Amino acid sequence: MHTDLARDERRLALVSAAVLAGIAAAVTLGKPGHASFLPPCIFQKLTGLFCPGCGSTRAVWYLVHGHPLKALGENALIVLLLPFIIYDLAAVLSRRWVTLSSRLHPWILWTLFGVLIAFTVARNIPLHPFTLLAPTDIR
């Protein structure tokens with residue numbers, strides 16, 4: 001049983017490292033919207049609506065390149081959640097820290113899910129001030 005847990009932890013660490021490496025490569029290699037290797041949002045292409053993740057890659061790119069206000073304009077939710085996401089990925093990779101996600105009560109997770117849904121709906125309302133939540137650099 002202990003070996004199964006260790007194998008699962010190694011697998012989770014490898015997946016987390018791969019995701020982190022992919023994000024790092026995407027953010028540093030080219031500006032989103034101008035780098036042909038970055039795929040477009042399938043949800044947005046199919047529906048014409050913005051998903052909760054639309055603008056995330058551009059937001060992280062702007063943060064890395066020192067433009068926090070532009071990052072907020074692309075995806076404010078990811079900018080606010082990014083420190084927690086980075087901590088959780090680091091905790092999984094280090095295997096020494098306790099992840100934040102493992103310490104959250106179910107009501108907090110449901111609240112975050114509600115915020116995600118509300119953010120998605122609000123950023124697709126074509127009226128001011130909701131249009132401020134939509135990505136600004138969509139090509």
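The model is predicted, and local features were considered at pLDDT of at least 70, side-chain atom pairs only at pLDDT 80 or more, whereas totals for chains, interfaces and linings use all residues. Residues are numbered from 1 along each chain as its sequence is written, and side-chain values rest on heavy atoms, with hydrogens and water left out.

The secondary structure comprises six helices and zero strands, where helices (H or I, at least four residues) and strands (E, at least two) are DSSP runs numbered from the N terminus. The order of elements from the N terminus is accordingly written α-α-α-α-α-α. The protein has 139 residues, of which 28% count as buried; buried denotes under 20% relative accessible area, exposed over 50%, and partly exposed the range in between, with a 1.4 Å probe and protein chains only. Among the contacts in the protein with a separation of 6 or more, 50% involve residues 24 or more positions apart, a contact being defined by heavy atoms within 4.5 Å.

Helices α3 and α4 pack with their axes 7 Å apart, at an angle of about 105 degrees. Axes are lines fitted to C-alpha atoms, for helices over the stretch in contact, and angles between N-to-C directions run from 0 to 180 degrees. The angle makes α3 roughly perpendicular to α4, given that 65 to 115 degrees counts as roughly perpendicular, under 35 as roughly parallel, over 145 as roughly antiparallel and the rest as oblique. On the α3 side, the contact is made by Ser56, Arg58, Ala59, Val60, Tyr62 and Leu63. The residues contributed by α4 are Pro68, Lys70, Ala71, Glu74, Asn75, Ile78, Val79 and Leu82. By class, this contact of α3 with α4 holds nine nonpolar, two polar and three charged residues. In this classification Ala, Val, Leu, Ile, Met, Phe, Trp, Tyr, Cys and Pro are nonpolar, Asp, Glu, Lys and Arg are charged, and the others, Gly among them, are polar.

A search of the whole structure finds one salt bridge, defined as a side-chain nitrogen of Lys or Arg within 4 Å of a carboxyl oxygen of Asp or Glu. The partners are glutamate 74 and arginine 58, whose closest N and O atoms are 2.8 Å apart. The pair links distant parts of the chain, with arginine 58 in helix α3 (residues 56–64) and glutamate 74 in helix α4 (residues 68–94), 16 residues apart. Glutamate 74 is buried, with a relative accessible area of 1%, and arginine 58 also counts as buried, at 12% relative accessibility.

The buried residues of α3 are Ser56, Arg58, Ala59, Val60, Trp61 and Tyr62. Serine 56 counts as buried because its relative accessibility is 17%. Apart from residues up to four places away in sequence, serine 56 touches Asn75 and Ile78. Serine 56 and isoleucine 78 are 22 residues apart in sequence, yet their C-alpha atoms are 6.2 Å apart in space. Valine 79 lies in helix α4 and counts as buried at 16% relative accessibility. Leaving aside neighbours within four places in sequence, valine 79 is in contact with Ala59, Leu63, Ala71 and Leu72. The C-alpha atoms of valine 79 and leucine 69, ten residues apart along the chain, are separated by 9.9 Å.

Helix α4 also meets helix α6. The axes of α4 and α6 come within 11 Å and cross at roughly 175 degrees, which makes α4 roughly antiparallel to α6. Asn75, Ala76 and Leu77 of α4 meet Val115, Leu116 and Phe119 of α6. This contact of α4 with α6 has five nonpolar residues, one polar residue and no charged residues. Helix α6 (residues 106–122) has 17 residues and reaches 24 Å from its first C-alpha to its last, close to the 24 Å expected at 1.5 Å a residue; the expected span is 1.5 Å times one less than the number of residues. The buried residues of α6 are Phe119, Thr120 and Ala122, and the buried residues of α6 pack against α4.

Two features of the backbone were also identified. Just after α3, glycine 66 takes a positive phi of about 80 degrees. In the segment after α6 lies proline 129, and the peptide bond from histidine 128 to proline 129 is cis, with omega near 10 degrees. Most residues other than glycine have a negative phi, and most peptide bonds are trans.
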